[in-house]
Protein chains: 2
Amino acid sequence: MAANSRLTIAVHALAWMALAQRQGRDELTSDQVAASVNTNPVIIRRSLGDLRRAGLVSVRHGAGAGWSLTRPPEEISLVEVYDAVEREPLFGLHRTEPNLECPVGRGIRPALGSVYGGAEQALRRELGRTSIADVLRETLQAK
Amino acid sequence: MAANSRLTIAVHALAWMALAQRQGRDELTSDQVAASVNTNPVIIRRSLGDLRRAGLVSVRHGAGAGWSLTRPPEEISLVEVYDAVEREPLFGLHRTEPNLECPVGRGIRPALGSVYGGAEQALRRELGRTSIADVLRETLQAK
DNA sequence: CCGAAATGTAATAAAACCAGTTACAGAAGG
DNA sequence: CCTTCTGTAACTGGTTTTATTACATTTCGG
């Protein structure tokens, strides 16, 4: 699995926005976020665009524009971020249809689908236990 | 995330081997497994090779060779299969080092590491609740 | 109302990964 | 010894990911 870093980038952006907010800066541009994440501003705009579509951040256009959180960071859980930025299921099924003349080939896809669904639920449940505020607190504790 | 199908292929192979075993065929060649999964025998040999290194199957070489389970299918849990075939962590950290002059950039990686570790544990715990025998039973129930 | 500043998005590129395929050396049973 | 099958390397086509450039669009501030 080519593990992507979409969740990492989105959480980093949100945590940084939460810290800036605490310091009185309610809005950040994609350039400012990109400077902390150390990537290209377009990557940040794409990621924050996903979060905007999920209702987690809002944006103002034009000159003096910027991004801001729509909720206090205590009320943004990582599962919402996960759902906002991650589209693919965790495990892929067969790329080509299995042999339907084999009893295993016939029935395995729904069986796997239910197992995979349960595993994803467990993952999402665990992510739901952590908020952006939690991540920020742990981040600032690291000396 | 380009979700790969390694877990699917490995579980399919093991379920098929479990069914064959129940029918008196203790050994299968990679060609026979590939016929059910509907893929190339080399893919199966690579997958079963991972499972062999994890101790879940054994192989005999040469003419009349084949693969067999080393344990009853009730005692093979999906988390063992997952660990055998999946090397990458679920979520990638930053591809390039974040800006260490930013307090968030400095501390976020260990913070995310601990969150991601917990999420993976939850996933693995859930996968541990299902065995190859469970998958086979559900597979055969699907009409 | 004009210009500056910022977003949204398309197009492109390089790197990585995945599934599939061919090929072949090596092992081992008969 | 010969046949069969594994183990693995090499390569291919396709997809994904991150990064980058470019530009039309939006809107604030003066």
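A: Confidence is given as pLDDT, the predictor's confidence in each residue, from 0 to 100; in chain A its mean is 95, and 98% of the residues reach 70 or more. This is a predicted model, in which local features need pLDDT of at least 70 and side-chain atom pairs count only at pLDDT 80 or more, while totals for chains, interfaces and linings use all residues. Residues are numbered from 1 along each chain as its sequence is written, and chains are lettered from A in the order in which they are written.

Q: What does the secondary structure of chain A come to?

A: Helices (H or I, at least four residues) and strands (E, at least two) are DSSP runs, numbered from the N terminus. Chain A has six helices and two strands, and along the sequence they follow the pattern α-α-α-β-β-α-α-α. The radius of gyration, taken over C-alpha atoms, is compared with a globule rule of 2.2 Å times the number of residues to the power 0.38; for chain A the radius is 19 Å, well over the 15 Å that the rule gives for 143 residues, so the chain is more spread out than a compact globule.

Q: How many residues of chain A are in contact with chain B?

A: Two residues are in contact if their C-beta atoms, placed from the backbone, lie within 7 Å. By that test, 55 residues of chain A are in contact with 55 residues of chain B, and the largest share of chain A's side, 17 residues, comes from H5(A).

Q: Which rotation superposes chain A on chain B?

A: Two copies of a chain are related by a rotation about an axis and a shift along it. Here the superposition is by least squares on the C-alpha atoms of residues with pLDDT of at least 70 in both copies, and a rotation of 180° with 0.0 Å of shift along its axis superposes chain A on chain B (RMSD 0.1 Å). The two copies are thus related as by a two-fold rotation axis. In chain A, the C-alpha nearest the axis is that of A:Leu123, 2.7 Å from it.
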